[in-house]
Amino acid sequence: MEVVRSHTKANDVVSTSSSLLPLYRSAPPLEISLEQFELFAIDRLRVLKGISDGLSRGKKPEEIENLVSKLWKENMRTLQPSDSFNKDIISHFVLRLVYCRTEELRKWFLTMETTLFRYRFKLENSKTQRAIMVELNLPYKPVAIAEFETIKEKLSQVARSINENIPPGNNTFYDLEQQVPFEEVPELVASRRVYIHKGYAYVAMNQVVSFIVTQFRSHLSKALVLTNRKWTSTIKEQEKDRLAPIVEALCSSYLGPDYSQPSENGEISLKDIDKVAKSSFPLCMRHLFDKLKEDHHLKHGGRMQLGLFLKGVGLKLDDALAFWKAEFSQKVGAERFDKEYAYGIRHNYGKEGKRTDYTPYSCQKIISSTPGVGDHHGCPYRHFSKENLRAALSGMGVNSRAMDDVMDKVHNKHYQLACTLTFEVIHGASCDAGINHPNQYFSDSQKILLSKNQSTT
């Protein structure tokens, strides 16, 4: 077992305070296996990508809070609190290494980690929150009772304006008011949730998350820049054969099933393929399917994308050969197909060459592809012009009202969310998990259609 070494083992890295919410100020000394290095990062990445999806879908703050709690419990909790704490620390610093490498990656990671920290802080009890404030060693001071008496009516007015009740005569409650420079709590100032006097905002304990998060974000932003310098100057070269391949692959990793085997919906046959293409293929595959039927040919990228998808939905090798031959032979002839194209199909099924059992492409892989002139593979939501995309969506049955919502997601580069919205409109059902893989789209579509057919019989 290969390990990432330092002088202390991972299970020695435990919390030194009462809080199980670390501030990630310094990387812990540790010794973990390469497998843990990658798996811990993948589990945290599931949390961050879940948050990203929730934010992109416009979920409300209370919904994001519930989502964070659910994602953290599902992916990061272990049986022992100390193990959970270690996993938290390790996974953060692994992903810091992964996402420090470009401005775009840093921006995404900074936003998601800050959001995660915000809601985890809010889920902590007041004792833990105060411990974190002490650990941060913030230069702010609580409001003294004498000062509070002079401004309590103003504080009460602010509290009433935001529908918060303040216990009368409870001075200990007001001791928790923090006097903070107003520029450090811009979101509270913008929403008029604090009283400002002589350049200071008076922040209640239930609002301190605002400036705590500001401190967290500022530190992490600087740390990512420093990490990038270390990565480019030393780490990348030193670890080019060990850590670097893992680090460089993680940011584009697909985290769901690989669909190397057909789902529980079973196999599809040649006689059914036209029907299921119309009802259950995502736009990227339906476009390739239609182009194949129209031109009786696809370039290599298109053959790979569609061919592996068909393999994943249950098209057997013999049927796949017959399907492609029926189309290609109309343009290149059966003999040329057997000589030039049949090998590639058998290769995809692991029957030629290294006999690798290739898996269907995920959305991330398809979105990141770069189709050239005459190519039809890739993601239509990213690679189509607006006019062509609208026409294609209309052909799938997307109405004009939903069309605007889909195009808005495309404009903001949320291509998978655009596909998710398309799925929901066409099937009349929600897809809370989001579409992350073309074969997931097909599988979920078939389940919905089967359920509808059963309910009508």
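**Salt bridges and a sheet**

Modeller: Let me start with a pair: R160 and E153 are joined by a salt bridge between their side chains, at 3.3 Å from N to O. A salt bridge here is a side-chain nitrogen of Lys or Arg within 4 Å of a carboxyl oxygen of Asp or Glu.

Biologist: Good to know. What should I keep in mind about the model?
Modeller: This is a predicted model, where local features need pLDDT of at least 70 and side-chain atom pairs count only at pLDDT 80 or more, while totals for chains, interfaces and linings use all residues. Residues are numbered from 1 along each chain as its sequence is written, and side-chain values use heavy atoms, with hydrogens and water left out.

Biologist: How many salt bridges does the count come to?
Modeller: The count is 23.

Biologist: Which residue forms a salt bridge with D88?
Modeller: R120, with the closest N and O atoms 3.0 Å apart. D88 lies in helix α3 (residues 81–99) and R120 in helix α4 (residues 103–123), so the pair links distant parts of the chain, 32 residues apart. Helices are DSSP runs of H or I with at least four residues, strands are runs of E with at least two, and both are numbered from the N terminus.

Biologist: Is D88 buried or exposed?
Modeller: Buried, at 1% relative accessibility. Buried means under 20% relative accessible area, exposed over 50%, and partly exposed in between (1.4 Å probe, protein chains only). R120 is buried too, at 11%.

Biologist: New topic: what order do the strands of the open sheet take?
Modeller: The four strands run β3-β4-β6-β5, with antiparallel pairing; strands pair if DSSP finds at least two bridges between them.
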